Amino acid sequence: MKSSIRRSRRAALAVALGSALALTATACGDDGSGSAGGKGNEGSGTGTITFWDNNGGVRTDVWKQIIADFEHKYPDIKVKYVGVPAASAQSKYDTAIQGGGLPDVGGVGTAMLAEVAAQGALEPLDERLAGSPLNGRLNTKFLESVKAAGGDGRTYTVPTSANNGTLWYRTDLFRAAGLEPPTTWTKFYKAADKLTDKDKNAFGYTIRGGEGSIAQALDAMYGQSGITSFWNGDKTTVNDPENVAALEKYTGLYKKNTPSADVNNDFTKMVAQWDSGTIGMLSHNLGSYADHEKALKGRFRGIPSPTLDDGTRVQVSNPVDGLALFKSGKNKAAAWKFIEFAASHEANSKWNESAGSVPANTQAAQDAWVRANEPAKLAAEALDGAGTKIVQLPYYLPDWNTISKADNEPNFQKVLLGKMSAKEFLDLLADQLNKAQEDWKKNH
């Protein structure tokens with residue numbers, strides 16, 4: 001009950017805060033000092049704009065290359081780069097929304113989009129996109145995710161990339177065991193069994209039991225059940241009997257076909273364990289490719305998450321990263337030029353090749369480096385494929401991150417340890433989601 005009350009108050013506070021700021025905030029100068037709700041203006045299309053990178057440090061070098069290319073094309077525009085660590089990006093935006101100091105352009109992915117947009121900080125971009133060279137050049141599934149995450153069906157960030165879920169598997173171990181690639185869930189479970197030899201400390205799979213476990217579990221559930229919508233009316237489908245059965249089968253791998261240490265493993269420990277051991281399969285995104293190549297030197301392969309036996313692929317939406325235009329900016333014309341440039345073919349390709357992610361620009365997704373990088377190529381094909389069904393996770397809920405992380409990661413560990421049933425876990429998760437959805441609808 002306390003968590004429900006907390007969520008209700010937080011949702012109401014977000015709406016109230018956004019309304020208050022919309023009425024009282026004033027737009028400030030071109031130095032990125034605006035507050036949420038400030039109307040800003042188009043400006044001259046020249047001068048200095050401020051850009052916040054929401055994953056500063058990790059991608060700083062490639063962003064500086066793109067900025068240099070942009071400034072070469074537009075010598076009358078200068079871009080002030082500010083690298084913000086991913087772990088603190090949300091709080092930095094929230095602080096600036098309340099106290100001033102927002103940038104002209106910022107990296108805002110779908111995981112945080114709803115909270116930033118709900119406070120009135122972002123400019124809707126639908127009209128700008130309609131008249132832009134980017135129109136028709138952006139992955140439609142990425143755009144759908146962005147619109148769903150914004151909460152009102154509008155486009156508040158221009159998608160730049162997605163980091164699709166990938167099933168990595170040891171080709172040498174599969175070959176030695178006479179196994180086919182784990183392209184379907186049936187083949188996946190068969191391989192998990194056959195590759196397990198506890199006496200030799202060999203396991204078929206490593207399951208994520210620590211931080212970040214819920215999204216991966218949801219992907220496995222919906223991928224096996226074939227359910228294609230997160231909601232049935234205003235009620236979530238997470239505790240549908242078919243999802244319950246899927247989670248029971250998936251968590252049944254723990255200690256049977258996985259190491260016991262998995263109950264506490266986040267992605268860093270899980271990746272390190274897979275790279276250094278004799279574990280057959282690992283579910284993680286494209287971002288770990290370089291680590292695998294360094295450790296395993298080609299003795300592995302990365303494919304999209306398994307399909308059903310009939311070839312149907314159902315997967316949950318991965319967070320889509322993007323660039324947002326802040327409403328309070330006083331030089332929106334120049335800021336929009338930067339967004340268009342960064343999401344254009346050449347720049348988007350350069351960024352995603354560096355990150356190992358799937359480009360949002362459909363021309364960039366056809367470039368040679370994507371074709372040469374098999375995991376990225378297969379992920380791009382899966383995301384854009386007609387047979388792929390994407391279950392849109394409710395990133396628009398103010399409490400989505402709390403529900404899907406702090407509130408339920410400990411409970412998922414209880415399921416692995418046999419202290420809570422899959423049904424109990426999913427019923428509790430469903431109750432929290434349904435209440436959060438109800439709160440959200442009351443405020444929208």
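I count Ala, Val, Leu, Ile, Met, Phe, Trp, Tyr, Cys and Pro as nonpolar, Asp, Glu, Lys and Arg as charged, and the others, Gly among them, as polar. The model is predicted, so totals for linings use all residues, while local features need pLDDT of at least 70 and side-chain atom pairs count only at pLDDT 80 or more. Residues are numbered from 1 along each chain as its sequence is written, and side-chain values use heavy atoms, without hydrogens or water.

**Cavities.** I looked for cavities on a 1 Å grid over the protein atoms alone: sets of points where a 1.4 Å probe fits but cannot get out. Points join across faces, edges and corners, and a volume is the space filled by probe spheres set on them. I found 2 cavities of 30 Å³ or more.

**Largest cavity.** Its volume is about 70 Å³. Lining residues have an atom within 4 Å of a point; here they include Lys141, Phe142, Asn164 and Ile390. I sorted the lining into 5 nonpolar, 5 polar and 1 charged. Helix H6 (residues 140-150) gives the largest share, 3 residues. Helices (H or I, at least four residues) and strands (E, at least two) are DSSP runs, numbered from the N terminus.

**Second largest cavity.** This one holds about 60 Å³. Among its lining residues I noted Phe51, Trp63, Asp321 and Trp351. The lining has 4 nonpolar, 5 polar and 2 charged residues. Strand E12 (320-325) and strand E1 (47-53) each supply at least two. E12 gives the most, 3 residues.

Terms used: On a 1 Å grid over the protein atoms alone, a cavity is a set of points where a 1.4 Å probe fits but cannot get out, and a pocket is an open set with protein on both sides within 12 Å along at least five of seven lines; lining residues have an atom within 4 Å of a point.
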